[in-house]
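Thanks, everyone, for making the time this morning.

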2 protein chains.
Amino acid sequence: MSRLNMPHWLEKSFHPKAWNHDSNWMGYVAVSGDAETERIGCRDVLVTWRGTIAPTEWLKDMDVRLEHFGGKNSDAKVAHGYYGIYTSKSEDTKYNQLSAEDQVLEELKRLIPFFKSRGEYVSLTLSGHGLGGALCFLTAYDAAQEFPDLPITVITFGGPRVGNKPFCEKLKEKKIKVIRVVVRHDIVPHLPGIPFNKKLEKVENLAESWHGLYTHYGYELNLEVKSSPYLKQMFDLVGYHNLEMYLHLVDGHISSNGSEKFREDAKRDVALVNKWSGMLKKETLVPSCWYQPAFKGLVCNKLGRWVIPEREPEDVPPPPGTHVPLSVFN
Amino acid sequence: MSRLNMPHWLEKSFHPKAWNHDSNWMGYVAVSGDAETERIGCRDVLVTWRGTIAPTEWLKDMDVRLEHFGGKNSDAKVAHGYYGIYTSKSEDTKYNQLSAEDQVLEELKRLIPFFKSRGEYVSLTLSGHGLGGALCFLTAYDAAQEFPDLPITVITFGGPRVGNKPFCEKLKEKKIKVIRVVVRHDIVPHLPGIPFNKKLEKVENLAESWHGLYTHYGYELNLEVKSSPYLKQMFDLVGYHNLEMYLHLVDGHISSNGSEKFREDAKRDVALVNKWSGMLKKETLVPSCWYQPAFKGLVCNKLGRWVIPEREPEDVPPPPGTHVPLSVFN
């Protein structure tokens, strides 16, 4: 993940006792347990990529040159910026010898054949918010290549455009199902570049190297900030991209048929919207950006001094190559 | 404390379950215990008035008309703003039927004769930061009036000017000892108005009603931000007035003889400087303004909802007129 023009929060850990200063948590792989597998009718492997909280500035400045994806002869192309995050590696540091792509594929190649060999019906779900949504498409593409018959679903929240039209056509060929959840005022789904439309399609041949030829793929679930009686009706560039607000609006969503009503029996705690934003109306009395540790993480030690605590053992990652043993599923 | 042009944090409590929306904590009275009394050689009664965190804007806008203090025939005058906070009361609310002045004098009249009657040597110390420092002078004046032979000491941190020259002369007559601790770049000690100087003294008769005729009284202990190797050397209007920074500089103070060295064996925890400011250098790794509760005070209730907690019983004040019984000293 190094040597790229990356947002500083991805590039470096700032915790003075960080386990590694060149790497950062990027994603998780989970598998449905037996009860959930029975409920949904398949053994679902879930990959979730780390999202973005307020990355709009970075996304705007990102390197949006189109880069071949899926082989140099492929005309499918994706933004250089996402491609770099997904594929870069470094020999210099312990945790980055494999790229994010290598690591996730290694884990999928371990898990999916294992469950298939047990005669189970296996599916793959990819989910991410913002930048994480973009990475989901790259992983979906890779996974479809590796496991041609695997049912693959992508669910993104406020995801940006990822690649060009041929890339999207490849996703369609591979029968990848996609739901893109989009809040109407969120700017991130409009990035990078400007919308791909009929007019631009015509000039494609004239401007092959041009950066704006990005397009979206999949079913778009549109959400409206004004559908919620709890949210401020004022412009908030960062707030509109907030994942908790997305989940709040999904919770209250009734239908996309022009209805702007909020579901009366919505169950998600409204206070969560303000975890990292100030989108809730003043009347809710919920403080903005309240999700923060006491004393910003400082603790008072035995000598009465306020210090940065030691890291919890479970907060340090296992050495690279360590996997949860498959025996847990037996 | 109501019906005055007051800073909003003094005028109202914003906690939705505040015990009273028209009142606020203003000060405390404490008495030295037996061990401390023996150590310092007298039974010291300490009055401390609530200070100001970032009140410079308010102090600048404060009503600085001079108001008679200590009787209408007195030529001692103090700023209308402080006078109002100290003396105002309201029949309408349970907690404001007595003014701050009434309440503190009532308590001093209860405590001081009690210890004197036991043959003890009694002293009074008043201490406050910013606005609290100003109120100390008013209380000192009142106490000297009430107890003519009582040794009275005022220690203020970043206190503003309080009254005119006759007011200061009265303090001198009453032999009130004063230490004003002042950080050189703090703006508050320069308020209100402009410095009283020789030139202005000459025009006093010509401009009797003029607002700028304030003066300081007492020994000034000067502190320099640049004496501390831990502090940022950049302009920070709010940071320069921060009480924790004052205490840090007192801790490291060696002498006022031009020395700008910091005491090598200073013992106060440096991290405290950043409790409510961002004055510490980045290298200290102490986050700025770190003194905050987890989740901004929200708690997760039994239903999994994030809510404002009930107030702790000890956080609700006793009814007015309730006193700690003097029997605790027997």
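Let me start with Phe295(B), which sits in the loop of chain B between helix H9 (243-252) and strand S9 (299-300); please keep in mind throughout that what we are looking at is a predicted model. The phi angle of Phe295(B) is near 55 degrees, which is a positive value in a residue that is not glycine. Most residues other than glycine have a negative phi. Lys296(B) lies in the loop between H9 and S9 of chain B as well, and Lys296(B) also has a positive phi, of about 50 degrees, although it is not a glycine. As for accessibility, Phe295(B) has a relative value of 24% and therefore counts as partly exposed, while Lys296(B), at 36%, counts as partly exposed too.

Let me turn now to chain A and to strand S7, which covers residues 177-183. Is S7(A) largely enclosed by the rest of the structure, or is it open? Five of its seven residues are buried, so S7(A) is largely enclosed by the rest of the structure. Strand S6 of chain A, residues 152-157, pairs with S7(A) in the parallel sense over five bridges, and within that pairing Thr156(A) stands opposite Arg180(A) of S7(A). To get from S6(A) to S7(A), the chain passes through helix H7 of chain A, residues 165-173, and this β-α-β crossover is right-handed. S7(A) also pairs with strand S8 of chain A, residues 219-223, again in the parallel sense and over five bridges, and here Val182(A) has Asn222(A) in S8(A) as its bridge partner.

Finally, the two chains together. The contact takes 24 residues from chain A and 24 residues from chain B, and the area buried between them is about 2,000 Å², of which carbon and sulfur atoms give 62%. What is the count of salt bridges between chain A and chain B? The count is zero, whereas nine residue pairs, both members at pLDDT 80 or more, are in polar contact between the two chains.

Terms used. Residues numbered from 1 in each chain as written. Chains lettered and ligands numbered in written order. Predicted model: local features only at pLDDT ≥ 70, side-chain atom pairs only at ≥ 80, totals over all residues. Heavy atoms only, no water. Buried < 20%, exposed > 50% of the residue type's maximum accessible area, 1.4 Å probe, protein only. Helix = DSSP H or I, 4+ residues; strand = E, 2+ residues; numbered from the N terminus. Pairing = 2+ DSSP bridges. Right-handed = clockwise from strand over helix to strand, strands pointing away. Contact = heavy atoms within 4.5 Å. Buried area = accessible area lost by both parts, 1.4 Å probe. Salt bridge = Lys/Arg side-chain N within 4 Å of Asp/Glu carboxyl O. Polar contact = N/O pair within 3.5 Å; in protein donor to acceptor, adjacent residues only side chain to side chain.
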